Amino acid sequence: MLNYIFGFNARMGRLAFFFCGFVAGIGFLMLVYGITGNAPASGRTDVLLAQAASSPALIFAFYGMLVVCFMLQSMRVRDIGWDPVCVMAAWIALMVLDRAVAGRFPEYALTYQHTTTVVGATVNGVMNLVLMFWPGSGHSHEASPVPRESSNDGMFERSSAPAATGSRVARIANGEFGGKTR
């Protein structure tokens, strides 16, 4: 069921990933500006955070945006050819561990305002660059969705070899008669 909810089975190319992320980010910025009246880049982050914390619409939109970004990243990881269940879980676990280390040992944090370390910021940046620039595999490494059985109890299996009559017609169309070419 999680395969369909989070897009673990879907694929998304580099260009579509970039544009979907860009449109989602611009949409979220417009929503923040519409609700608070302050642009996020205006330098008044203390006022913006106070307004956002008291706005249920922004809190709901923030968590919705997290889900959308998670789905986009999962689809891109699938397109690369990696298993998004393992990659995304490891990425989240690393970010949680990094935040715990930065909170427990503030001297390892980037600055006194940050909650990540240099290692966590580097891994997060590299993963985002990989998602943006790594070429997709273009094909699936998964098994076919229809189970195949070897017995003839009603399950029909399509052969990859062409039928005998089809190959004869193709040979005749190519100018071969009786195994000889003209």
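In which helix does Phe18 lie? Phe18 lies in helix H2, where helices (H or I, at least four residues) and strands (E, at least two) are DSSP runs numbered from the N terminus. The structure is a predicted model, in which local features need pLDDT of at least 70 and side-chain atom pairs count only at pLDDT 80 or more, while totals for chains, interfaces and linings use all residues. Residues are numbered from 1 along each chain as its sequence is written, and side-chain values use heavy atoms, with hydrogens and water left out.

The protein chain contains seven helices and two strands. Their order along the sequence is α-α-α-α-α-α-α-β-β. Of the 182 residues of the chain, 19% count as buried; buried means under 20% relative accessible area, exposed means over 50%, and partly exposed covers the values in between (1.4 Å probe, protein chains only). The accessible surface comes to about 13200 Å², and 67% of this surface belongs to carbon and sulfur atoms. These areas come from the Shrake-Rupley method with a 1.4 Å probe, and for residues only the protein chains shown count as cover. Among contacts in the chain with a separation of 6 or more, 57% are accounted for by residues 24 or more positions apart, a contact being heavy atoms within 4.5 Å.

A search of the whole structure finds five aromatic pairs. A pair of aromatic rings is described by the distance of the centres and the angle of the planes. Rings of Phe, Tyr and Trp (its six-membered ring) pair if their centres lie within 6.5 Å; planes under 30 degrees apart count as stacked, those over 60 as edge-to-face and the rest as tilted. The rings of Phe18 and Phe22 have centres 6.2 Å apart and planes at 15°, so this pair is stacked. Phe18 and Phe22 are four residues apart in helix H2 (residues 14-36), and are therefore separated by about one helical turn. Phe18 is partly exposed, with a relative accessible area of 38%, and Phe22 is also partly exposed, at 49%. An edge-to-face pair is formed by Phe62 and Tyr63, with 5.3 Å centre to centre and 70° between the planes. Phe62 is partly exposed, its relative accessible area being 39%. Ring pairs also link Phe18, Phe19 and Phe22 into a cluster.

Phe18 and Leu72 are 54 residues apart in sequence, and their C-alpha atoms are 9.5 Å apart in space. Ala16 lies in helix H2 and is partly exposed, with a relative accessible area of 36%. Met132 itself lies in helix H6 and is partly exposed, with a relative accessible area of 23%. Leaving aside residues up to four places away in sequence, Met132 touches Arg14, Phe17 and Phe18. The C-alpha atoms of Met132 and Arg14 are 5.8 Å apart, although these residues are 118 residues apart along the chain.

Helix H4 (residues 56-80) and helix H6 (residues 118-133) pack at an angle of about 65°, with their axes 9 Å apart. Axes are lines fitted to C-alpha atoms, for helices over the stretch in contact, and angles run from 0 to 180 degrees between N-to-C directions. H4 passes H6 in a left-handed crossing, meaning that the near helix is turned anticlockwise from the far one by less than a right angle. The contact is made by Gln73, Arg76, Val77 and Ile80 of H4 together with Asn128, Val130 and Leu131 of H6. By class, this contact has four nonpolar, two polar and one charged residues; Ala, Val, Leu, Ile, Met, Phe, Trp, Tyr, Cys and Pro count as nonpolar, Asp, Glu, Lys and Arg as charged, and the others, Gly among them, as polar. Gly64 also lies in helix H4 and is partly exposed, with a relative accessible area of 32%. Gly64 and Phe28 are 36 residues apart in sequence and 9.9 Å apart in space, C-alpha to C-alpha.
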